[in-house]
Every structure is written in structure tokens, then in C-alpha cells.
Amino acid sequence: MKLLKVVLIVLVSLTIVSCTSKDDTPNDIQIQNFVWKGMNAYYLWQNEIPDLSDRRFNNNKELFGYLDNYNNPANLFYNLLYTPNEYPKDPNKTYSWIVDDYIALEQSFEGTRQTTGMKVKGADYADGSGKYYVYVYDVVKNSDAETKGIVRGMLITEVNGTPLTRANVNSLFSADSFTVHLADYNAGNPISNATTITLTKAIITESPIKKTTVIVDGGNTIGYLMYNQFSSDFDGDLNTEFANFMTAGITDLVVDLRYNGGGSVQTAVYLGSMIAGQGNDELFSKQIWNNKVMAGREPSDFIDNFTDKILNKDSNGSIVLDETINNLNLTTVYFIVSENTASASELVINALSPYINVKLVGTQTYGKHVGSITLYDSENFSKNGPNFKTNHAWAMQPIVLEIQNSNGENKPEGFIPEVIMEEDPGNLGVFGDPTEPLLERTIQYITTGAKGFPLAKKRTAIYSSWNSSMNYPDYNNMYIDLK
């Protein structure tokens, strides 16, 4: 049973008005009506929100009177969220969000964003002075940053001549163009080296496949994949890389997810299927939706199984990719992870764990086991649904499901690696190089089994969690397609 059928079941079964015709809704609250309807039908914690209750309003007049209190649809949306579960880690962040430009949102899912190409993380000075700097952890290929010589490991202490602070760092890097002032590391207390570079943002599509290579170390032939986003537009490219690994005869695989905040659940299933040898009847993961959605579907509709085929379709249902998955049939896989490893990345780790040996190197992952869908203003909330509204570009990305592995498990607090190791801004290394610190330590783990000294099972990262990727609309998101 498809989600279209679910929508019809949900909307017909409600005892109050949760869906109204186009002619019934006053124009000035059309978007607000869309927000309430979508959240009432799909929001994971719908039954925890009094204003989303099926019995909250007796008729259209009461509903419209309520909606009329919100001039801004975004205010309505955020007031309808379930705070204890939406903000489990940071009261300034939410897993659900709304946008007034769904085109930008869709592009972000595809890896297309307006950016200088420079990705940075914030850090405090080591001397405890309270001073702040950022370091470049990645540079997008063919971006302005790459063209102008920005490389991984550079440090920045000022933007446009203004010293960086925790309070201003986000706004300074949000401008369309800005000048960065570089500094030398100096044992974690950067000193300006008087070098400045002016950067300008442009629309760039970034491949999530940052780096692949094969490393031979004694009797081990190690495949390395740095993968930064679960983007369905690049599923074919990902499959090709696994074909290359098969040709190389790799004995071990390292998947670097240290900067991967998530993305498509379907692509996560594909990646897991490329790694392990489970058959199509083996459960990859299962989903838990709100009570209304769960009651309107067959149990099998909440199941994602391993697969031997990539079958991707566009929004009109036309097939855009149909090919056999290149499967390594591994019994052990190694992941490099960090506090920026989230949602769909954690799903792959979690889903593979019941079947093969999953080894982790790095720092504790973010901890996000819930996913979302994109809701548009149409009768069935899909972009190509009946009465799709073309007079605005609002869309919602609410959390609608929790996801578990075949054992019914997930890790809301994140996964703790067996080998704990943080990145050092003073020695970041080059992706894919055997001497890059985290990869080097992973190779040691593969070849010797050495885990090192056990550390406390709490987050050990000493650096600020801020990074420039937080400005992307899909940051740390895990989503499925509404069909």
C-alpha cells in the first residue's frame, strides 16, 4: 500500500476537519492550513500535541480561527513541534523544519548548494583565553575556494578584519562574499600570518564521493571510500566505485563517514547492500510512524530489505536508474566516524550490525534515529498531487518516523567507537593517504586488531560542534520519498 493510500485513509477517517477544499480555505491562511493538515496527518509525535489532536476543532470555522492567529506559517509550524523529542541535544536546533523555497531544499538533497566551497569547523584556543578560530576540514572540487588555493588544514582567525567569536562566526560566513585572514597553528593558539583570501559563493553540485583508493598493506588489500552524503543522484557512481573495489580484489573496506550527516534512506539501503551479502529477504531496517499512519498500512510497508538492485524513479514515476548492485559480500567493515556522523550514516552502521562485524574508529557519532519526508501543498502532500499550489513555494520537512535495525534497536545517543581518536586541527592530513591520522589508525586496527587504551564512554571531542555545513537546509537529515 503506497503513501497516497495512507493519506486518503487518514484524512477520511478523522472525526474533525483535517482536510478542506481549496474553495473553503481563506486565501490569507492557505499556507497555514497546509501546515496544520500535513502535521496532523504525518508528524511522528502528533498525538503528543494538543493543537494537532483530531478532536481539537469541531469544524472549519474553529480551525480557521486558530490558523488566523499566525501571520507567519513558520511560527505555526514551530509551535506545533514536540519540544522534548525534537530538541534532545540542543535547544537551538530542531530535526523538523519548514522552508519557503522548496527548490533550494530539493537542490540541497542533490548536493547542489550556494557555497564558496570551503567547509570549516570552529575551535577554542588551547590557552583557555576564550578566543576562537576555525579550521578548513574540506574543500569542494571546482569551487572558488579550491581555485584560490584554500586547502584542508588552513586556519582562519578573522573574517573581513573582524576577529571570530562563537557569537559572530555563523553570520560572518553567511555573506555571499567575504575575506578570510589565515593563521599558523602555534600549538592550538593561532597566530596571524598576514595572508588574506577573498571568496565568493556560487551554486555548485558536489559529489558525495569525496575519495576512493586502494591501499596494499602486507597481506591486506584495503578499499577506502570517503562518502559525505546519501544522495540518490549519485547512486550509480557509488555502485561503480564498488565495482572497482571488486576488480581490485579488496580484502577489507574502510568507509569514511566522519562528515556524513545523512540523506536518503533508500541510498543507505543500497550502500548496506553493496557492503554485506544478505539476500533480498533479509531485513535491513524497519520504520515506526505515528499511530494513524501505522493503522492504515500493512506491516510489510514499514520494512526495508537488503536488495540486489538499484531502482530509482523520478517524481513522475519514470525509471532513471536500473542496475544490479555490486556486492562485496564482506563479513567485516570499518567505519571512520565523528560527532558529525548522523542519521542515514548511523542507519547503515545500525542495520549492518546484526549481520556482520562493524568496527568503528573516531569519536562518538551524533545520535539521530528519526527521519522525515518532504510535504508539499497539495491534496496528498506530494509535489505532483491534485491541486498542487503554485502560488507559493513553501514545503515542510517534519520528522515522521523512527527507524530500527532487524533486532528492533537504535542508538539515540550515538555509537561509541572501539578505537577513540579525534581529529587534530594541527595535523589533519590528506584524505585517502595512508598517513592521514584517522585512516592510518584504522589500517592499524585492520592489520593488528589493536584497539588502544579504553576511554570513558562519553563524548570526548574538545572542539566546538559548530561547522559551516549547519547552514545547509538538509544538515543531519534522514529522509524517505513521499510516494
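Which ring does the charged end of Arg-113 sit over? Here are some notes to read alongside the model.

1. **Ground rules.** This is a predicted model, in which local features need pLDDT of at least 70, side-chain atom pairs count only at pLDDT 80 or more, and totals for chains, interfaces and linings use all residues. Residues are numbered from 1 along each chain as its sequence is written, and side-chain values use heavy atoms, with hydrogens and water left out.

2. **Charges over rings.** To take up the opening question, the charged end of Arg-113 sits over the ring of Tyr-472, 4.4 Å from the ring centre. Arg-297 does likewise with Phe-302, its charged end being 4.7 Å from the centre of that ring. A charge sits over a ring here if NZ of Lys or CZ of Arg is within 6 Å of the ring centre and within 35 degrees of the ring normal.

3. **Aromatic pairs.** Rings of Phe, Tyr and Trp (its six-membered ring) pair if their centres lie within 6.5 Å; planes under 30 degrees apart count as stacked, over 60 as edge-to-face and the rest as tilted. By this rule the count comes to 23 aromatic pairs. One of them is the edge-to-face pair of Tyr-376 and Phe-388, at 6.3 Å centre to centre with 70° between the planes. Tyr-376 belongs to strand β21 (residues 375–376) and Phe-388 to the loop between β21 and β22 (395–397), so this pair ties together parts that are 12 residues apart in sequence. Tyr-376 is buried, with a relative accessible area of 9%, while Phe-388, at 22%, counts as partly exposed. For these labels, buried means under 20% relative accessible area, exposed over 50%, and partly exposed in between (1.4 Å probe, protein chains only). Elsewhere, Trp-36, Phe-57, Tyr-66 and Tyr-70 form one aromatic cluster.

4. **The three-stranded sheet.** Strand β21 also takes part in an open sheet of 3 strands, ordered β1-β22-β21 with antiparallel pairing. Its edge strands are β1 (97–99) and β21, each of which pairs on one side only. Between β1 and β22 there are 3 bridges, in the antiparallel sense, and Trp-97 has Gln-397 in β22 as its bridge partner. Two strands pair if DSSP finds at least two bridges between them. Helices (H or I, at least four residues) and strands (E, at least two) are DSSP runs, numbered from the N terminus.

5. **The six-stranded sheet.** Another open sheet has 6 strands in the order β10-β11-β12-β18-β19-β24, and its pairing is mixed. Here the edge strands are β10 (209–217) and β24 (419–420), each pairing on one side only. Within this sheet, strand β12 (residues 252–256) pairs with β18 in the parallel sense over 3 bridges. Val-255 stands opposite Phe-335 in β18.

6. **A hairpin and two asparagines.** Strands β7 (residues 177–184) and β8 (residues 191–200) run antiparallel and are joined by 7 bridges, with Thr-179 standing opposite Thr-198 in β8. This hairpin has 6 residues between the strands, and Asn-186 takes a positive phi near 55° there. Most residues other than glycine have a negative phi. Asn-186 is partly exposed, at 40% relative accessible area. Asn-329 also deserves a look: it has a positive phi of about 55° although it is not a glycine. Asn-329 lies in the loop between β17 (319–324) and β18 (332–337), and at 51% relative accessibility it counts as exposed.

7. **Two packed helices.** Helix α10 (residues 265–275) packs against helix α12 (residues 344–352) at an angle of about 40°, with the axes 9 Å apart. That makes α10 oblique to α12. Axes are lines fitted to C-alpha atoms, for helices over the stretch in contact, and angles run from 0 to 180 degrees between N-to-C directions; under 35 degrees counts as roughly parallel, over 145 as roughly antiparallel, 65 to 115 as roughly perpendicular and the rest as oblique. As for α12 itself, 9 of its 9 residues are buried, so the helix is largely enclosed by the rest of the structure. Among them are Glu-346 and Asn-350.

8. **A buried aspartate.** Finally, Asp-301 is found in the loop between α11 (291–295) and β15 (303–305). Asp-301 is buried, with a relative accessible area of 18%. Gln-287 is 14 residues away from Asp-301 in sequence, and the two are 8.8 Å apart in space, C-alpha to C-alpha.
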